[in-house]
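Please keep the structure open while you read.

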Amino acid sequence: MDLTEDEERYVDTFTNAFRINSGDFDVIFHWLRNDFEQEVVVKLTSSFGCDEKISVLGVGAGDGSMDEIMIGKLCQHFPRFSYTVVEPGKAIEQFKRRVDGKDEFKTVDFCWSNITYEEFCRSESESDPKFSFISLLHSAYYLDNLGQSLRCLMGSLKDGGVLLIMLNRDDHDTTIFLNSLSWKATNTHSGRIDEIKAFAASENIRLTTFTFLSKLNVTPCFDETSEEGDKLLDFLTETAYLRRTAPARVLTETLDVLRTVSKEGDEGTRYFKGACDAILLFKGPE
Ligand SMILES: C[S@@+](CC[C@H](N)C(=O)[O-])C[C@H]1O[C@@H](n2cnc3c(N)ncnc32)[C@H](O)[C@@H]1O
């Protein structure tokens, strides 16, 4: 079964296997803490006055651990703003708890939408562009129709606004792994960045890209007694309960490909080389 169809398993594999083995988070947190302000927030201040109450949108924000950093940086430049969270999963409740009652966020008006972006887009389609900043951090994989969503996202961005999309690149070993599995007809990773760049070129949208390199420890996947390994295997193959449900030949092929694509680390460990891009799309003239 497709992992995205089993929310409980998806969250479990993301939180208790992927997150603790991925170096991605440290690298992204570092960029958000040290560069996001200069690369995004300061640019927004040249388009939107600090006395203006801007609107911000976070799509697929999960538990909000990354959004929290962005909100903190926005607070330093915009005394008041609204922050709309579109997150279809239960993780939205963790996000609410994270910001609830925090003194530093008391000037932020949070609007919670526990729906998919596609549903949100349909409900917004008649309204004027209203957002100054929109982010999709590792969530654009799950949009049904990326092209349509990009049009909707850019359509709801004000002139001078910025859209930030973070995604794994095609040279991320996870993408190479997924593309090498003969039993997997499609995956959510391949070609997404190319599609965004082609869309930006066709619409004359300026963009800037930052690339983050990291390592993902895949060692637990090779231990058939490891629950964490089973979960990581599910997350990487985008399949729920792969080890328990897949035919033997599928499991053998999957582990063979995993071994071939992964690299040898210290003390018998194996890892994937990670590469993701943060793409900033700027609406309107320079
Ligand atoms: C890999 S998690 C990323 C969470 C968070 N942004 C982060 O980087 O830690 C992907 C998130 O996208 C959400 N998601 C899945 N399908 C979605 C959709 N159609 N619209 C919006 N969000 C979606 C999931 O519920 C999940 O929280």
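1. Overall size agrees with expectation: a compact globule of 286 residues would have a radius of gyration near 19 Å, and the chain has 19 Å. Bear in mind that this is a predicted model. Along the principal axes, the C-alpha atoms fill a box of roughly 60 × 45 × 35 Å.

2. On to the fold. The chain holds 12 helices and eight strands. If we take contacts between residues at least 6 apart in sequence, 80% of them join residues at least 24 apart. Burial comes out at 36% of the 286 residues.

3. Now for the interior. In soluble globular proteins, nonpolar side chains tend to be buried together. Here the largest nonpolar core has 49 residues, and those touching the most other members are V56, F133, I134, L163, L164, I165 and M166. Strand β5 gives the most to this core, with seven residues. A second, separate core has 19 residues, including Y10, F18, L216 and C221.

4. Once neighbours within four places in sequence are set aside, I165 is in contact with L136, A140, I196 and I279.

5. Helix α7 (residues 146-155) deserves a look too. Its buried residues include L146, L150 and L153. Viewed down the axis of α7, the buried residues fall within an arc of 65°, so they line one face of the helix. What do the buried residues of α7 pack against? Their partners are β4 (131-137), β5 (157-168) and α9 (192-202).

6. Although E203 and R151 are 52 residues apart along the chain, their C-alpha atoms are separated by 9.6 Å.

7. Finally, the ligand. It is surrounded by 20 residues, of which G60, G62, G89, S139 and Y142 are the closest. The shell divides into 11 nonpolar, seven polar and two charged residues. Helices α4 (65-75) and α6 (117-124) each supply at least two residues of the shell around the ligand.

Conventions: Residues are numbered from 1 along each chain as its sequence is written. This is a predicted model: local features need pLDDT of at least 70, side-chain atom pairs count only at pLDDT 80 or more; totals for chains, interfaces and linings use all residues. A residue is near a molecule or strand if its C-beta atom, placed from the backbone, lies within 6 Å of it. Helices (H or I, at least four residues) and strands (E, at least two) are DSSP runs, numbered from the N terminus. Ala, Val, Leu, Ile, Met, Phe, Trp, Tyr, Cys and Pro count as nonpolar, Asp, Glu, Lys and Arg as charged, and the others, Gly among them, as polar. The radius of gyration is taken over C-alpha atoms; the globule rule is 2.2 Å times the number of residues to the power 0.38. A residue is buried if 20 or more other C-beta atoms lie within 10 Å of its own, exposed if 12 or fewer, and partly exposed in between; C-beta atoms are placed from the backbone. Two residues are in contact if their C-beta atoms, placed from the backbone, lie within 7 Å. The arc is that of the directions from the helix axis to the C-beta atoms. A nonpolar core is a set of buried Ala, Val, Leu, Ile, Met, Phe, Trp, Tyr and Cys residues joined through C-beta atoms within 7 Å.
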